[in-house]
Amino acid sequence: MRARIYPLALGKMIKHALDDLNKEVAGLLVGKYLKRGDILEVWDAITGEQKSTPGFVYLEEETIATAAEWVLRNRPGLYIVGWYHSHPGFEVFLSAIDIETQKLYQRLFPKAVALVIDPVKYAKTRRLQDLNFKIFRINLKGEVMVVPVSIGIQRRKLLESTLRGIETMELKYIVGGVGPDLSVSIEAEFGYWSDKLASSLSKFLRKIKDRTGSHTQP
Ligand SMILES: [Zn+2]
């Protein structure tokens, strides 16, 4: 698989990552999968309520479900194709927890990818070559693979993705339900979150599938 990302989507993620260099930020990728050519296109980015520390971030499961519904209603033909998060100052890779999170996303959205940005060097220099981001996926053997990525320049899609994305020039912020405040360890939080996410999202996806047929098809 290859990924193609349109400039406004990437711009929104970079801006979000630059907003706070002291902690990780996260959001969701909106786009579509093109069977022909095996290409995943990222058209837009949205975000919402999240828990964050300098080394860990996750989106509330309610937020993801609400976001998936928002995309379905407001971005016809597009759906959630993965997630992004920042690694301020510690390079781009998938941590052990990121790998587990990504496996969940791939279970829920089969073509899902994970985009990781380290914004620190770019924040200092504002030079394009210092922009550090990569897209990852987990293969069938459970290994982390880097997905080759290019910037979308196809004229019609560039215009269309910009027009859609500009409706929410500020990154769309989804407010889900208020989750319980867990001040326990990250591992425990993550285990709790992944169970809740898997169950609430699978319920949600069943509902969506009943309404639209499989939303994982382009
Ligand atoms: Zn991470």
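The model is predicted: local features need pLDDT of at least 70, side-chain atom pairs count only at pLDDT 80 or more, and totals for chains, interfaces and linings use all residues. Residues are numbered from 1 along each chain as its sequence is written.

**Overall fold**
- The protein chain holds 6 helices and 11 strands (DSSP runs numbered from the N terminus; helices are H or I, at least four residues, and strands are E, at least two).
- Of its 218 residues, 37% count as buried (20 or more other C-beta atoms within 10 Å of the residue's own, with C-beta atoms placed from the backbone).
- Take contacts between residues at least 6 apart in sequence: 72% join residues at least 24 apart (contact means C-beta atoms, placed from the backbone, within 7 Å).

**Nonpolar core**
- The largest nonpolar core has 45 residues (a set of buried Ala, Val, Leu, Ile, Met, Phe, Trp, Tyr and Cys residues joined through C-beta atoms within 7 Å).
- Leu29, Val30, Ile80, Val81, Val113 and Leu115 have the most contacts inside this core.
- Beyond its neighbours within four places in sequence, Val81 touches residues including Leu29, Val30, Leu40, Phe109 and Val113.

**Strand E8**
- E8 spans residues 132–138; 5 of its 7 residues are buried, so the rest of the structure largely encloses it.
- E7 (residues 113–118) pairs with E8 antiparallel over 5 bridges (pairing needs at least two DSSP bridges).
- Leu115 stands opposite Ile135 in E8.
- E9 (residues 144–147) runs antiparallel to E8, joined by 4 bridges.
- Ile138 stands opposite Val144 in E9.
- The E8–E9 hairpin has 5 residues between the strands, and Gly142 there takes a positive phi near 85°.

Terms used:
A residue is buried if 20 or more other C-beta atoms lie within 10 Å of its own, exposed if 12 or fewer, and partly exposed in between; C-beta atoms are placed from the backbone. Two residues are in contact if their C-beta atoms, placed from the backbone, lie within 7 Å.
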